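The following note reviews the cavities, the ligand surroundings and several individual residues. Please read the points alongside the structure.

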Amino acid sequence: MQGRKIFLMFLACMALTACGGDRKEEEKTSIRIGISLYRGEDTFINNIRGELEEKAKEYERRNGIKVILDIQDAKGSQNTQNDQVERFISLGCDVVCINPVDRMDASLMIDRAMTAGVPVVFFNRQPVEEDMNRWDQLYYIGVDAKETAMLQGKIVVDLYGRDPGALDLNGDGVVSYVLLEGESSHQDSLIRTEWSIQTLKDGGVPIEKITGGIANWERSQASALMEQWLLAYPDTIELVVSNNDDMALGAIDALEREGIDDINVIGIDGTIPGMEALENGRLLGTVSANKEVYAGAIMELAASRALDEPLPDEYPLEDGTYYWVLQQILNGEAKKD
Ligand code: GAL
């Protein structure tokens with residue numbers, strides 16, 4: 001009996017030592033981050049991906065901790081993304097970063113992460129509040145869509161104040177515009193459309209909508225729509241308001257095919273091709289979130305969760321959950337200022 005007691009005490013000691021040992025091992029020298037993108041071909045998302053890879057290297061250099069990034073493209077399929085998240089978790093990722101395909105359908109991924117105790121950093125496509133409230137290890141990084149839209153509207157308000165004739169090309173006292181919208185289910189499309197136009201109205205620009213359509217953020221879809229509109233409303237369109245740069249560039253493609261060079265086009269994102277268009281005078285203006293800060297916030301938040309360390313002060317979280325990336329107007333040249 002005594003022997004058995006000593007043996008049990010020995011086992012208990014072994015267990016305690018093992019736990020102590022584990023605690024030591026928890027001082028990680030590497031972290032594994034799984035990242036799933038809704039569609040890798042999306043220009044803005046692709047730009048963020050590039051910055052993320054840079055930020056991971058920078059983090060490694062600064063902190064001496066190896067960062068293993070596993071970046072996957074869900075190619076627009078929520079099922080594929082669910083599988084990717086499942087795989088990240090089974091591979092032992094410390095944290096997963098998700099750019100959800102369907103922001104209304106994040107619950108399966110959340111279930112899986114919660115069960116495994118793996119924190120999730122969502123970005124760019126904001127899950128519904130009900131989902132976000134399910135666990136305190138769910139985060140979101142993005143931009144304030146209303147702010148984006150108001151800044152976009154300001155580009156036009158400022159130009160109209162300076163030179164109404166640069167927008168009201170036929171001098172009839174009204175600026176006739178067409179509107180290119182992103183995916184209908186995306187929080188950014190709805191809010192950007194509403195507040196961009198509201199800002200024009202509030203800023204005293206006399207506007208009239210000719211038509212509008214959904215081009216799902218894509219350059220080729222926007223180009224096709226613009227081509228139709230130019231045919232349907234010849235010599236009428238004076239301004240193109242686009243929910244993002246890629247669709248703005250699609251509209252510009254169509255304008256250039258028709259040899260039209262006096263219609264102003266505004267975008268959002270400040271993507272690499274968007275900035276080129278600004279510089280060569282094809283785009284009137286865009287609104288850009290600082291992509292370094294955007295990717296930096298994703299990287300720092302993911303690493304802090306993986307290492308269970310506090311997030312640096314430069315990334316204050318609203319309600320302990322949301323981080324909003326600041327944005328700025330980038331002006332190009334008006335067509336006829
Ligand atoms: C928006 C961005 C679009 C597109 C979309 C994808 O915020 O402006 O260009 O990237 O996100 O979710």
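1. Helices (H or I, at least four residues) and strands (E, at least two) are DSSP runs, numbered from the N terminus. The structure is a predicted model, in which local features need pLDDT of at least 70 and side-chain atom pairs count only at pLDDT 80 or more, while totals for chains, interfaces and linings use all residues. Residues are numbered from 1 along each chain as its sequence is written, and side-chain values use heavy atoms, with hydrogens and water left out.

2. The search of the whole structure returns 2 cavities of 30 Å³ or more. A cavity is a set of points, on a 1 Å grid over the protein atoms alone, where a 1.4 Å probe fits but cannot get out; lining residues have an atom within 4 Å of a point. Grid points are joined across faces, edges and corners, and a volume is the space filled by probe spheres set on the points.

3. The largest cavity has a volume of about 210 Å³. It is lined by 24 residues, of which Phe44, Asn124, Asp188, Arg192 and Asp269 are the closest to its centre. At least two lining residues come from each of helix H2 (43-63), strand S5 (138-142), helix H7 (187-202) and strand S10 (285-289). By class, the lining of the largest cavity comprises 10 nonpolar, 8 polar and 6 charged residues. Here Ala, Val, Leu, Ile, Met, Phe, Trp, Tyr, Cys and Pro count as nonpolar, Asp, Glu, Lys and Arg as charged, and the others, Gly among them, as polar.

4. For the second largest cavity, the volume is about 30 Å³. Its lining consists of Asp42, Thr43, Phe44, Trp217, Asn244, Asp246, Asp269 and Thr271. These residues divide into 2 nonpolar, 3 polar and 3 charged.

5. Which residues surround the ligand? They are Tyr38, Asp42, Phe44, Asn124, Arg125, His186, Asp188, Arg192, Trp217, Asn244 and Asp269, each with a heavy atom within 4 Å of the ligand.

6. Polar contacts are pairs of N or O atoms within 3.5 Å; within protein, one must be able to donate a hydrogen and the other to accept it, and residues adjacent in sequence count only if both atoms are side-chain atoms. Polar side-chain atoms lie at the following distances from an oxygen atom of the ligand: 2.6 Å for asparagine 124, 2.9 Å for arginine 125 and 2.8 Å for arginine 192. On its own the ligand has 300 Å² of accessible area, and the protein covers 99% of it. Accessible areas come from the Shrake-Rupley method with a 1.4 Å probe; for residues, only the protein chains shown count as cover.

7. Most residues other than glycine have a negative phi. Asparagine 124, however, has a positive phi of about 70 degrees. Asparagine 124 lies in the loop between strand S4 (120-123) and helix H5 (129-132), and counts as buried at 9% relative accessibility. Buried means under 20% relative accessible area, exposed over 50%, and partly exposed in between (1.4 Å probe, protein chains only).

8. Asparagine 216 also has a positive phi, near 50 degrees. Its place is the loop between strand S7 (207-214) and helix H8 (219-232). With a relative accessible area of 28%, asparagine 216 is partly exposed.

9. Glutamine 84 belongs to helix H3 (residues 78-90). Its relative accessibility is 9%, so glutamine 84 counts as buried. The side chain of glutamine 84 reaches the backbone oxygen of aspartate 73 at 3.0 Å.

How values were computed. On a 1 Å grid over the protein atoms alone, a cavity is a set of points where a 1.4 Å probe fits but cannot get out, and a pocket is an open set with protein on both sides within 12 Å along at least five of seven lines; lining residues have an atom within 4 Å of a point.
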